[in-house]
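Here is a friendly note to read with the model open beside you. Please take the points one at a time and find each residue as you go.

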Amino acid sequence: MTPQPTAGLSLKPQHYAEALACRSDGLWFEAHPENYMAAGGPRLAWLDAIARDRPISLHGVGLSLAADEAPDEDHLAALKRLVDRVQPILVSEHLAWSMRRGVYAPDLLPFPRTAAALGRIADNVDRMQAVLGRRVLIENPALYLPLTGHDFGEVEFLTALARRTGCGLLVDVNNVHVSAHNLGYSAEAYLDAAPAELVGEIHLAGHAPDERLGATMLIDTHGAAVAEPVWALYARLIGRIGARPTLIERDDAIPAFAGLLAERDRAHDLLTREREYA
Amino acid sequence: MREAFHDRFLAAVAGDDAALAPWCETPQAGLSVYRNTMAKACADALVAQFPTVERVVGPAWLAAAATAHAAVSPPRQGSLLTYGAAFPDWLRRFPPAANLAFLPGLAQLDLLWTEAHLAADAAPLDPEAVAGLPPDAFGTHALVLHSATRFAGFDDTTPRLWQALQPPGEPPDAFELEPEPQGLLFVRPGLDIAHQTIGPGALAFLAACRDGDSAAAAAAAGLAAEPCLDLSATFARLLAAGAFAALRTLP
């Protein structure tokens, strides 16, 4: 029997062999589907091999659900093929946009959280779930720009989106920390407001001060170890809502597999303790 | 109002700081974060796509070229796996590359490598299946290229230079090209890509196969391009490399 997934790691090509060989309890892997939208070849072969042994989560970055247009059908079809192929335990995307009039801006861009935006994004999430034939999780982005014109707070917006579409939430605790710092609100209050029953996954990652702006602007770099304030927020969150599959997310300045595994083990221990108390 | 927001956000990122005035006080430091992230993501994807070019010009030169290219040829798909198809031709018109005439060719070969890398898996044609064919069957059958087979021809020795630049070996001291027509063939019969230089005859043979011509017509095309081509040795070499997937009976 496969043990219950606890804490997972971002799947990186330089770690394929170690990922396949690793026997850590509760370990799972998360991949960006955009990196596997190929017809064949060694990348897909590795993903297939790891998916045979371990739970996989597919975490999209390019579907642009918060665009003012429908998601790209070719992209959705490629995602569907990948979902059918690796049978992931979780599929997620972001509350952000990146596609506009046929041009892809590779970032997770913000928007005013209006009632009209909620309707459009709910339609897009409905379409995603209809094509994939399954529930997806939507992640809170890191924010760098204080916009006005919001009708909803972010948690309120995500909760309304989930109630409307049946999707769940992926809470990125580092993004909460970074956004709260940059835009000046309470990360604790944000996390305390997230409805426990909607949270299906948690992300932890590292951040860094902006190279030019300094500590006034934190950047969600995915290029460093998880910071202690983020671990504290994480402990607070799972203390309230209980254990959830948790990813140590790393996409830049990638250390040796053993280093990432040590961070993962810390999350695994916290989750296991949480389950014992539950 | 929302429709306007997305366009205005991109205008602001492109440099028109006032475009976002209805939604935030300007100028905003946060805009530069999005601007930098987008530019870096495009440049990183292009740098990863052209490792042989990087070996010649270094990472800083290529990143600067990639940033300039992304400004005029942004990605059009939510996956960046194949981003950069227009980069080799763009390099031909990029003034800093003017005295590096071999660079676009190297970039073109890097793209073909990626195409072979990402192509559908398929079993290569079993040489035994061909060995038993009677000679007249070559007029009624076409050789179907393997899904990962890619090739390109040059008027010079760009293919040999590309090969010399592949790790783990040290790059050559000088990047000299000889005026000798040469092609490069990529095959991936399993998961590993192999490459070999080929002459004009083999190139014409493969191109005719790609066009769906009969094996006999492909042979004629090969001989027309290279009159002293050793046809059976060339065919055996391509077959053994895994360049073909099947024999198709022509209607």
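1. Some ground rules. This is a predicted model, in which local features need pLDDT of at least 70 and side-chain atom pairs count only at pLDDT 80 or more, while totals for chains, interfaces and linings use all residues. Residues are numbered from 1 along each chain as its sequence is written, chains are lettered from A and ligands numbered from 1 in the order in which they are written, and side-chain values use heavy atoms, leaving out hydrogens and water.

2. How many aromatic pairs are there over all chains? The count comes to 20. Rings of Phe, Tyr and Trp (its six-membered ring) pair if their centres lie within 6.5 Å; planes under 30 degrees apart are stacked, over 60 edge-to-face, and the rest tilted.

3. A stacked pair in chain A. A:Tyr16 and A:Trp46 are stacked, 5.3 Å centre to centre with 20° between the planes. A:Tyr16 sits in helix α1 (residues 16-21) and A:Trp46 in helix α2 (residues 42-53) of chain A, so the pair ties together parts 30 residues apart in sequence. Helices (H or I, at least four residues) and strands (E, at least two) are DSSP runs, numbered from the N terminus. A:Tyr16 is buried at 6% relative accessible area, whereas A:Trp46 is partly exposed at 31%. Here buried means under 20%, exposed over 50%, and partly exposed in between (1.4 Å probe, protein chains only).

4. B:Trp162 is buried at 1%, and B:Phe186 is buried at 0%.

5. A cluster of rings. Ring pairs link A:Trp97, A:Tyr144, B:Phe5, B:Phe9, B:Trp23 and B:Tyr34.

6. The sheet. Chain B has an open sheet of 3 strands in the order β2-β3-β4, with antiparallel pairing; two strands pair if DSSP finds at least two bridges between them. The edge strands are β2 (150-154) and β4 (194-198) of chain B, each pairing on one side only. β2(B) and β3(B) pair over 5 bridges, and B:Phe151 stands opposite B:Leu185 in β3(B).

7. Helices on the sheet. Helix α9 (residues 200-210) of chain B packs on the sheet, touching β2, β3 and β4 of chain B. Helix α11 (residues 231-241) of chain B also packs there, touching β3 and β4. Contact means heavy atoms within 4.5 Å.

Notes: Axes are lines fitted to C-alpha atoms, for helices over the stretch in contact, and angles run from 0 to 180 degrees between N-to-C directions.
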